[in-house]
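Biologist: I would like to learn how to read a few features of a model. Please give the general idea before each case.

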Amino acid sequence: MIKYETDSRKVKPGQTFVAINGYTVDGHDYIESAVKNGAVEIIAEKEVETSVPVTVVENSAKYFQEKLVDEYSNDFKNLKLVGITGTNGKTTSAYLTYQMLNKLGKKTAYIGTIGFMCGDYYEELQNTCPEILTIYKLFEYCLDNNIEYVVMEVSSHALDLKRIEGLKFDVCAFTNLTEDHLDYHKTMDKYLECKLMILDYLKNDGVMLVNNDDEASQKFKEKYLNTKTFGMNGADYDVKSFDIHPDHTLINFKVFGEDYQVITNLTCKFNIYNYMTMFAIVHELGFDSNDIINITKELKQPKGRCETYKVKDGFAVVDYAHTPDAVLKVVTAYKELAKARVITLVGCGGDRDPMKRPIMGKIASDYSDYVIFTNDNPRTEDPEKIMKDILAGVEKDNYEVCLDRKEAIKKALDMIEKDDIVLLLGKGHEDYQIIGHTKVHLDDSEEILKYVDIFKE
């Protein structure tokens with residue numbers, strides 16, 4: 001058991017409590033609670049009176065991180081680690097990789113947006129890439145359960161805040177860079193700088209895989225010698241042609257000059273990139289191309305990623321797309337597939353980057369036949385203000401506003417006529433709506449299933 005704990009409620013007898021002055025909570029206020037729960041030592045940034053020894057340090061968070069890395073990171077050296085970073089595609093690529101390795105007979109865990117998966121065990125996570133202590137605890141669980149591989153989504157926040165300190169990856173992949181998180185990074189250059197930090201966590205013989213069709217990939221090639229590419233324009237893992245259908249995709253591709261063909265149940269062009277990300281990772285880990293291809297038909301989409309339901313005489317699709325680039329890719333992909341209308345339901349999160357709101361509004365309106373703008377985790381921000389920002393970019397009159405997301409979903413599904421496709425974007429796997437500081441249960445997929453059941457009756 002890792003001897004350090006930063007949450008006084010989770011302290012077990014014999015542990016050291018680290019009092020960290022965080023963004024919203026000061027751990028120094030909970031020292032006595034930690035001692036009552038069995039803490040035998042305190043690390044703090046000031047002298048405190050308590051019944052156990054106290055070590056005073058200048059920066060308890062930094063001190064704790066260094067101790068954690070020094071004392072535990074070596075335990076993980078035999079795990080084979082895969083890290084995937086990029087704006088869009090991390091979750092699907094990571095989840096496909098996790099499934100593929102397990103189906104190839106390797107005990108594999110997944111850490112990312114949809115949680116921690118390890119055998120039959122599942123745990124919801126607060127962040128795509130959680131705090132360093134959580135990561136180390138998850139890795140400890142992996143060791144206890146004889147896991148060989150861990151596939152992780154690595155966010156720009158995690159890289160900037162050094163949440164993966166002490167880890168060394170066998171293979172890393174970069175999917176793409178598009179506008180997101182500028183409330184945190186401020187500029188795209190700063191955002192890219194954070195993504196490039198993943199190179200510091202590769203093993204000496206580690207492989208960096210990059211999307212050859214994304215301009216930012218050039219920076220990885222310039223910085224790291226053992227960089228290989230996937231994509232559609234002369235990459236090492238090179239897609240030569242593809243044929244997309246509503247329920248499957250045929251891909252013809254070359255791997256270092258060798259020809260291959262595969263049918264995947266994934267659909268949309270962006271999922272071809274996600275598939276090739278997975279293929280390249282698993283191949284670079286030493287697995288045979290034909291074995292990967294033979295197992296492909298067994299792979300499933302992660303929840304909330306182009307999750308498709310038959311509704312009346314059309315389809316409803318749930319997807320996590322919540323950035324301008326992701327919304328553009330999803331809407332245009334289904335516009336190409338659709339035999340009739342594409343109706344899009346979308347919103348923007350509150351207390352997050354407001355600059356993308358008018359861009360997303362314009363994209364949704366320009367490329368859809370009809371749009372319902374609604375709430376998507378307004379948090380503490382006024383939903384009317386968010387909507388005003390979104391509509392500032394809209395130039396067409398093919399939309400309506402319905403802030404109640406549940407009601408908006410029903411409106412969209414009611415509109416379905418023969419061969420129409422309704423896209424419910426932004427929430428994906430999430431089963432809640434954050435209004436103010438409160439989480440209210442709401443699952444887009446659940447709402448579709450309820451609607452289908454009612455419609456059958």
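Modeller: On a 1 Å grid over the protein atoms alone, a cavity is a set of points where a 1.4 Å probe fits but cannot get out, and lining residues have an atom within 4 Å of a point. Residues are numbered from 1 along each chain as its sequence is written, and side-chain values use heavy atoms, without hydrogens or water. This is a predicted model, in which local features need pLDDT of at least 70 and side-chain atom pairs pLDDT 80 or more, while totals for chains, interfaces and linings use all residues.

Biologist: Which residues line the largest cavity?

Modeller: C348, T374, N375, D376, P378, P383, I386 and M387 line it. Five of the lining residues are nonpolar, two are polar and one is charged. The volume is the space filled by probe spheres set on the points, joined across faces, edges and corners. The largest cavity holds about 30 Å³, and the structure has one cavity of 30 Å³ or more.

Biologist: What is the order of the strands in the open sheet?

Modeller: Strands (E, at least two residues) and helices (H or I, at least four) are DSSP runs numbered from the N terminus, and two strands pair if DSSP finds at least two bridges between them. The open sheet has 11 strands in the order β8-β7-β6-β9-β5-β10-β11-β12-β13-β14-β15, with mixed pairing. β8 (121–123) and β15 (258–264) are at the edges with a single partner strand each, so one side of each has no neighbour in the sheet.

Biologist: How does β13 pair with β12 and β14?

Modeller: β12 (227–231) and β13 (237–244) are parallel, with two bridges; G231 has D238 as its bridge partner. β13 and β14 (249–255) run antiparallel and share seven bridges, one of which pairs S241 with N252. A hairpin of four residues connects β13 to β14.

Biologist: Is helix α9 largely enclosed or exposed, and why?

Modeller: Buried means under 20% relative accessible area, exposed over 50%, and partly exposed in between, with a 1.4 Å probe and protein chains only. In α9, 14 of the 16 residues are buried, so the rest of the structure largely encloses this helix. After α9 comes G286, with a positive phi near 110°.

Key
On a 1 Å grid over the protein atoms alone, a cavity is a set of points where a 1.4 Å probe fits but cannot get out, and a pocket is an open set with protein on both sides within 12 Å along at least five of seven lines; lining residues have an atom within 4 Å of a point. Ala, Val, Leu, Ile, Met, Phe, Trp, Tyr, Cys and Pro count as nonpolar, Asp, Glu, Lys and Arg as charged, and the others, Gly among them, as polar.
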